[in-house]
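Okay, everyone, thanks for coming. Let me put the sequence and the model up, and then I'll walk you through a few spots.

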Amino acid sequence: MSVEVERKFVCDADIQKRLEGVGAVCIGHCEFQDRYYDSADFHLTLRNVWLRCRQGSWELKYPTVTELEDSGEVSLCSRYVEMTNLPQIQLKVREIMSESVNEQEGKEGGCASNTHPVHGDTTSTGATESSPADHAWLAELKLVCFANYITVRRSFGFKEEGVRVDLDQADFGYCVGEIEVIVPEGEDTQPALKKIRNTAQKLGLSGDQRVQGKMDVYLQTYCPEHYTKLLNAHIL
Ligand code: V4E
C-alpha cells in the first residue's frame, strides 16, 4: 500500500504555461469514470473512507494516522492511504461496515439511499443501475453508488523525482489541479510535504485556503444532504 500526499489548487487559465515555465513536462492525457460507493447512512464517508471503482479498478482511500493528528500548515495537504488490492479492500470495508452504526445517521439517510438520481447515469435511479462494477459483495454490504462522474486529466511531471501535477476537468463543470507525491506506507511524509510546498511556490500558488475537490463540488451540487452531513462531521 502507498500513501498519497497531495495539495489541491485552483486551476486558472495560464496554469499550463506556468507549469511549462518551471520545467514541467506533459506526461499524459486520459479520461476516466469514477463511481463512489457507500451505504444509505453514509457509514464509510462519515468515517472519511472512500470506496471507488475507476474504469473497473477498485480503490479504497482513508486518512493516515498523521493526517488525523496534524493540523495547521500541513492541513493544506492531505495524506491518504491508497489500497488497490480487491480482497484487501473487501476485508477492510467489511471491518468498517461491522462497526456499530450510529442510529441517528441510520434514521436520516440521504442521497445514497436510492432516492436520488446519480449524475451521469442514464437511468433515473442511477444508484441501483447494474454495471460490471457492481458485485455481490456490494449488495451484501448494502453499498450503493452515490457519485458517478467522468474526469479528463492532463498530467505533468518534474525532474524532481516523484512530483506530479494533475489538471482535472470533471464532466459536471469543475476544474481543479493537484500536486501529488506517492510515499510507501510507513515512510516519513515530511519530504513529500516539502516537495509539494516547493512546487506550489514555484507555481506561484500562494493561497492558504483549502481548495474544494471534485467530490466536494459534486456532493454540494447533486447530494446536498450528504454534503451537509460530511461538512458537519468535518470530513469535507
Ligand atoms: C479522499 C477523498 C475523496 C476521494 C477522492 O480523492 P481525490 O484525491 O480527491 O480523487 P481524485 O480523483 O481527484 O484524484 P486521484 O485519486 O486520481 O489522485 S473525496 C474526499 N476525500 C477527502 C479529501 C479531503 N477531505 N480533502 C482533500 C484536500 N482531499 C481529499
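So, start at the ligand: one of its oxygen atoms is 3.0 Å from an N or O atom in the side chain of Arg153. That's a polar contact, meaning a pair of N or O atoms within 3.5 Å; inside the protein, one must also be able to donate a hydrogen and the other to accept it, and neighbours in sequence count only if both atoms are side-chain atoms. For the side chain of Glu6, the distance is 3.3 Å. On its own the ligand would expose 640 Å², and the protein buries 93% of that. Those areas come from the Shrake-Rupley method with a 1.4 Å probe, and for residues only the protein chains shown count as cover.

A quick word on what you're looking at. This is a predicted model, where local features need pLDDT of at least 70 and side-chain atom pairs pLDDT 80 or more, while totals for chains, interfaces and linings use all residues. Residues are numbered from 1 along each chain as its sequence is written, and side-chain values use heavy atoms, with hydrogens and water left out.

Now the rings. There are 10 aromatic pairs in the structure. Rings of Phe, Tyr and Trp (its six-membered ring) pair if their centres lie within 6.5 Å; planes under 30 degrees apart are stacked, over 60 edge-to-face, and the rest tilted. Take Tyr36 and Phe146: the centres are 6.2 Å apart and the planes at 50°, so this pair is tilted. Tyr36 is in strand S2 (residues 25–38) and Phe146 in strand S6 (residues 144–157), so the pair ties together parts 110 residues apart in sequence. Strands are DSSP runs of E, at least two residues, and helices are runs of H or I, at least four, numbered from the N terminus.

Are these two buried or exposed? Tyr36 has 8% relative accessibility, so Tyr36 counts as buried, and Phe146, at 1%, is buried as well. The cut-offs are under 20% relative accessible area for buried, over 50% for exposed, and partly exposed in between, using a 1.4 Å probe and protein chains only.

Next, Phe172 and Tyr218: they pair edge-to-face, 5.5 Å centre to centre with 75° between the planes. Both Phe172 and Tyr218 are buried. And Tyr36, Trp50, Phe146, Tyr149, Phe172, Tyr218 and Tyr222 form one aromatic cluster.
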